[in-house]
Amino acid sequence: MTVPPVAAIPGERSRARRGGRSEDGAPIGSSRLSGYVFVSLYVVLLALFGIAPTAYAIYLSLTKVGGGIAWGSNFTRAFQDFRFLPAFEHVAEYLAIWLIAEATLILVLALMLHSLARRTSAAFRFLFYMPGALAGAASVLVWLFMLDPTLSPWHFLLSILGYAQIDLVLQPSHLPLIFAIMAFWTGAGGWIVVMYGALNNIPDELLEAAKLDGANAFQSALRIKLPLIKKWVVYMLILSFAGGTQLFVEPQLVGQATAGLVSNTWSPNQLAYYIAFINDNFNEAAAISVTLLVLGLVGATLLVWRTKLFEIN
Amino acid sequence: MNIYRSSGGGNRRTRWHRRTLAVAACASLVSLSIVSAGIGATGASAAKKPTITIWYDTARKSMVQAYIKAHPKVHVVAVLKDGDSNGDGTYQSAFALDNRVGHGWPDIYFSEQNNDAASLAQAPFNDAAVLNKGLISKSTLAKFAHGSAALCTIGGKVYCLRNDLAMNVLWYNPTLMAQDGITSVPTTWQQWATDGALAAAKGDIIGTQGDSWDADTYYWGNECPLSQETSPGTLLINPASTNCTAMASLLDGVSRTALPVAYMFSSTFGQQYGGKIVFYPGASWMGGVFPGLGSCTSANPDCKMAAGYPLTFSSSGPAVTGAIGGGLWFVSSHSKNLKLAASAVVWLDTSLTSQNLSPGFPAYGPDDAPWVATQDASGSYATPLSGQPTLSQAFNKAANEIWSGWSAVPYANDQIWASDVVPSLATGGTQAAGLGIFASDAANLARSDGFQVHS
């Protein structure tokens, strides 16, 4: 059986017609040049708003406020800050809930969508994607209404759980779960659509062959579909992990909207913001940012390495 | 079959290739020009009239509008901010950036955060200008209420002007008192707590707890040393002081029906408690808030309060009170027109036209009587009970009783109380436990700000 390449998988590239002509007849050399021009657009923005700020943050983290090399002292001071560990603990709890929810619920929903008829599936995809159309700050405001027992359309549910007012809902121990729900609500729809797209790249012949061999829907999902979209799942987890460690908008806005019920140093990114702008110490704040960067890179490297994400089949 | 090859595809390919390149190049140029425009834009425009930039909060909007109207020869750039409320650091973040880039400061600004002088006048921000060394005359400064400059003064230099004093008084509702069977206005915290049982029996309240103002109301109001700078750089935080523990114990003894965990500016406070407030130990500016709660109106006697003297802890206890907010006017030391900026602050803070639009009791003494007369005429306040002080008497006495042992520090005490203590109180935790949580977190913050902390 011939299996066409799952071309959209990250890390893979089309090997067809190398050195020949593209599908529309343009010479590959011309396509390559056009490709470079298109990529240059991204590269310029990446350099200005990605690489340059990162380099500046690294420079700041290694220098003193008044100038001169600080080596590791900004990092030492940041690590010794009494808010540093709690902030990382909060985000670790949040990430644990969020990433597990992503890796399970999103896949289950995507697999369910994939097994539905196309028209039904399209309607559900649209429904799932809708919350993602709200910008981060707007979704936080929506959730503030949803979580306030005196305003929420779900007040009866909150009442059953024993929450009569918002300060009971926003207890410190509830915050990681609440922020994870907010993130899932806004982000899951987009990833469900992406996973659905990845599942659609699996050749029908393969699934039919599995069916003929006696695989039921569950076995087909577990043994055929999931392994084939594994790289997409890893890609999602890498991006979510990096984004999740930088949690800022949700705790900051909820704190401001509730007269300070959530600490303004709840997450590491908030702590960095506080140290930069309230204490006017950009160097120590940069040390926290660089720590977050390193964590993101280590997490991504581990996942890429363990799952061979960039390996070309 | 490839349709391009069969119909003179060479030219098409060339056109395709050129179009693609042109689109990509244009897109790149557009992105570059957007980026460069953002970096290069200055927005500067030459103004013929002298210009000042004012950062103000919502409550000061009408005052700033009055200034603009009264000064047609001054070009005013008025920028609405949040007044740095709840210590969210709006001004600190702005100045941190302005100081780095060397522009962007306002000429004058209003802060709701009464610890902002301690933060903005000193390193690392160094923004607030010294006002008592030539910018504002001594005769003007002398007319401000005694002690009102305490939060603005560091090492003998005055860095801000108090807009209003925001001292705490005991607000009472004569109509509800009669309905609840309370025969006299309490003078001590103990009497107030006892009356709580009578109020609770009728579903009324005698105040609130569990908002960011607990410390300002109950602990500042009983000389509890939770933020006392005993010498420059040394801070006393002692939750074990009897002044603290006695107040915590008293509050813990009041039923949650009479003293609920609630926040006056939450979306549901008016709906829940509007027209049910018998007493409320709180700031002078709150008198105008009660008639606007929920379905309350100024005509509803259940919603109108009169001001009594601040409560004392016992009949022989010290007559002191706390303050909530109050508002500070600053002149930025980076202003290019310091004289104009200072004169604007003086006008906003002292002219009756401006102060009559302010919700709080003016810190500038000569404005007090006319301001109180305006308030009395507004119909928003209840007529005092027989033998009780007038609005003016209650405010003037309270203004002189603000305990000076509650020092302004660079961090926001109310933020700590809100994020660290309120969640505990909301789940049934005690004020006594809350004191310990607050003291521990405040001490950590104080140390990180360079204070020596002792208890």
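## A buried ion pair in chain A

Both R83(A) and D81(A) are buried, where buried means under 20% relative accessible area, exposed means over 50%, and partly exposed covers what lies in between (1.4 Å probe, protein chains only). The two residues form a salt bridge, with their closest N and O atoms 2.9 Å apart; the term stands for a side-chain nitrogen of Lys or Arg within 4 Å of a carboxyl oxygen of Asp or Glu. As background, side chains of opposite charge can pair when their charged atoms come close.

Before going further, a word on the model: it is predicted, so local features need pLDDT of at least 70 and side-chain atom pairs count only at pLDDT 80 or more, while totals for chains, interfaces and linings use all residues. Residues are numbered from 1 along each chain as its sequence is written, chains are lettered from A and ligands numbered from 1 in the order in which they are written, and side-chain values use heavy atoms, with hydrogens and water left out.

## Salt bridges in chain B

Over all chains, the structure holds four salt bridges. One of them joins D57(B) to R60(B), with 2.8 Å between the closest N and O atoms, and both D57(B) and R60(B) are buried. Another pairs K397(B) with E401(B), whose closest N and O atoms are 2.6 Å apart. Here K397(B) counts as partly exposed because its relative accessibility is 35%, whereas E401(B) counts as buried because its value is 11%.

You will find R60(B) in the loop between β1 (51-56) and α3 (61-70) of chain B; helices (H or I, at least four residues) and strands (E, at least two) are DSSP runs numbered from the N terminus. With a relative accessible area of 7%, R60(B) is buried. Its side chain makes a polar contact with the side chain of D57(B) at 2.8 Å, that is, a pair of N or O atoms within 3.5 Å; within protein, one must be able to donate a hydrogen and the other to accept it, and residues adjacent in sequence count only if both atoms are side-chain atoms. Setting aside residues up to four places away in sequence, R60(B) touches F110(B), E112(B), N163(B), D164(B), W329(B), S358(B) and P359(B), a contact being heavy atoms within 4.5 Å.

## The helices of chain A

Chain A has 14 helices and zero strands. Of its 313 residues, 42% count as buried. Among contacts in chain A between residues at least 6 apart in sequence, 67% join residues at least 24 apart.

A307(B) sits in strand β11 (residues 306-308) of chain B and counts as buried at 2% relative accessibility. Its C-alpha atom is separated by 8.1 Å from that of S284(B), 23 residues apart along the chain. Beyond residues up to four places away in sequence, A307(B) touches several others, including V169(B), W171(B), Y172(B) and F395(B).

L235(B) belongs to strand β9 (residues 234-236) of chain B, and at 0% relative accessibility L235(B) counts as buried. L235(B) and F451(B) are 216 residues apart in sequence, yet 6.4 Å apart in space, C-alpha to C-alpha. Leaving aside neighbours within four places in sequence, the contacts of L235(B) include V409(B), Y411(B), F451(B) and H454(B).

## Backbone points to check

Most residues other than glycine have a negative phi, and most peptide bonds are trans. Against that background, a cis peptide bond joins A123(B) and P124(B), with omega about 10°. P124(B) is found in the loop between α5 (116-120) and α6 (138-142) of chain B.

A259(A) has a positive phi of about 55° although it is not a glycine. This residue, A259(A), lies in the loop between α12 (249-257) and α13 (268-277) of chain A, and counts as buried at 11% relative accessibility. In chain B, E223(B) has a phi near 55°, also a positive value in a residue other than glycine. E223(B) is found in the loop between α9 (214-219) and β8 (228-231), and at 24% relative accessibility E223(B) counts as partly exposed.
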